[in-house]
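Hi everyone, thanks for making time for this.

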Amino acid sequence: MREEILTELNRRKEDDYRAFSQKLLPGVENILGVRLPALRALAKRAAKADAAGYLAQMQAWCADAGNAVSFEEKMIYGMVIGYAKMTDNEYKERLDAFIPLIDNWSVCDSCCITYKWMGKNREFWWERLSEWAFSGTEYGARFALVCMLDYFVDEAYLERLFHTAGSIRQEGYYAKMAAAWLLSVCFMQFPEETYGFLKERQLDGFIWKKAVQKSCESYRVSAAWKRKLRELRGGQV
């Protein structure tokens, strides 16, 4: 299955798109230049044909190949986990093997959005995401935070989201930006509660500044709330 997909990836790769992707993903190596809709289609095909076999093959291949695994193969690997039909424990085992392979925001975020089954057993996944959030790795933390903003931004989890974002002490840029993104999504849906949390300033300074900035930039935040945020940012509150 892997060889079949690799052949298809090589057939679909575009030099111009590869150059474009490299600008968005500095430092990421082995980019073929295949567009995201094609990757999703290939992932769905693999998941439908033989998800367990493909995932086992990719897990073994990635353990041996390391950096030789292309950006696109990692993307498909992560997406197949999302599209496959498994138990929660099986999903967890597959993610335990996949998450350490994530080395850029694109693979992380594009795969997270496919894990819609997290919304069906949220307490199970909240516990696991909380472990990944404080795993000590930049992309383990980002993975957890992006899944939280995708599937857990509601009243029932709001205080836990604030606690998680306020407890992140990960130095990695992409983990911190995910925490700020999470808070900005909270602000869009729960502006009063999130404003109260931001006003306390009980979180990393960089995350605080970026959360305020991203909230101010959002078209889903009212002009009145943006004024309050700008005042808060200027130290006038």
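Let's begin in helix H7, where glutamate 131 and arginine 128 sit 3 residues apart, a separation of about one helical turn. One thing to keep in mind from the start is that this is a predicted model. In the model, glutamate 131 and arginine 128 form a salt bridge, and their closest N and O atoms are 2.4 Å apart.

How exposed are the two partners? Glutamate 131 is partly exposed, with a relative accessible area of 42%. Arginine 128, on the other hand, is buried, at 13%. The cut-off for buried is under 20% relative accessible area, so arginine 128 falls on that side of the line.

Now, which residues are linked with this pair in a network of salt bridges? The network consists of Lys92, Asp96, Arg128 and Glu131. So let's move over to the other two names. Aspartate 96 and lysine 92 form a salt bridge of their own, with the closest N and O atoms 3.7 Å apart. Both belong to helix H5, which covers residues 88-98, and being 4 residues apart there, they are separated by about one helical turn. As for accessibility, aspartate 96 counts as partly exposed at 30%, and lysine 92 counts as partly exposed too, at 23%.

Here is another salt bridge to look at. Arginine 122 pairs with aspartate 154, and the closest N and O atoms are 2.7 Å apart. This pair links distant parts of the chain: arginine 122 is in helix H7, residues 122-133, while aspartate 154 is in the loop between helix H8 and H9, 32 residues apart. Aspartate 154 counts as partly exposed, with 22% relative accessibility. And how many salt bridges does a search of the whole structure find? The count is 14.

Let's stay with charge, but turn to the surface. Where do we find a gathering of negative charge? There is a surface patch made up of Glu155, Glu159, Glu192, Glu193 and Glu200. Helix H11, residues 191-200, supplies the largest share of that patch, with 3 residues. Glutamate 159 comes from another element, helix H9, which spans residues 158-167. Glutamate 159 is exposed, at 58% relative accessible area. The cut-off for exposed is over 50%, so glutamate 159 clears it.

If you follow the chain on from H11, you come to the loop between H11 and helix H12, and that loop holds arginine 201. Please take a look at its backbone: arginine 201 has a positive phi of about 55°, although it is not a glycine. Arginine 201 is partly exposed, with a relative accessible area of 41%.

Which other residue has a positive phi without being a glycine? Asparagine 30 does, with phi near 60°. Asparagine 30 is placed in the loop between helix H2, residues 15-24, and H3. Its relative accessible area is 31%, which makes asparagine 30 partly exposed.

Leucine 32 is also found in the loop between H2 and H3. Leucine 32 counts as buried, at 13% relative accessibility. What does leucine 32 touch, not counting residues up to four places away in sequence? The list is Leu9, Asn10, Lys13, Glu14, Arg18, Ser70 and Glu72. There is a distance to mention here as well: leucine 32 and serine 21 are 11 residues apart in sequence, and their C-alpha atoms are 9.2 Å apart in space.

Ser70 on that list deserves a moment. Serine 70 lies in the loop between helix H3, residues 36-65, and helix H4, residues 71-83. Is serine 70 buried or exposed? Serine 70 is buried, with a relative accessible area of 2%.

My last stop is glutamine 59, in helix H3. Glutamine 59 is partly exposed, at 33% relative accessible area. Beyond residues up to four places away in sequence, glutamine 59 touches Tyr77, Arg94 and Ala97. For one of these, arginine 94, the sequence separation from glutamine 59 is 35 residues, and the C-alpha to C-alpha distance is 8.4 Å.

Technical notes: Residues numbered from 1 in each chain as written. Predicted model: local features only at pLDDT ≥ 70, side-chain atom pairs only at ≥ 80, totals over all residues. Heavy atoms only, no water. Patch = residues over 30% accessible without salt bridge, like charges linked within 9 Å, V, L, I, M, F, W, Y side chains within 5 Å. Areas by Shrake-Rupley, 256 points an atom, 1.4 Å probe, with all protein chains shown as cover. Salt bridge = Lys/Arg side-chain N within 4 Å of Asp/Glu carboxyl O. Lys, Arg positive; Asp, Glu negative; His and termini not counted. Charge placed at Lys NZ, Arg CZ, Asp CG, Glu CD. Helix = DSSP H or I, 4+ residues; strand = E, 2+ residues; numbered from the N terminus. Buried < 20%, exposed > 50% of the residue type's maximum accessible area, 1.4 Å probe, protein only. Contact = heavy atoms within 4.5 Å.
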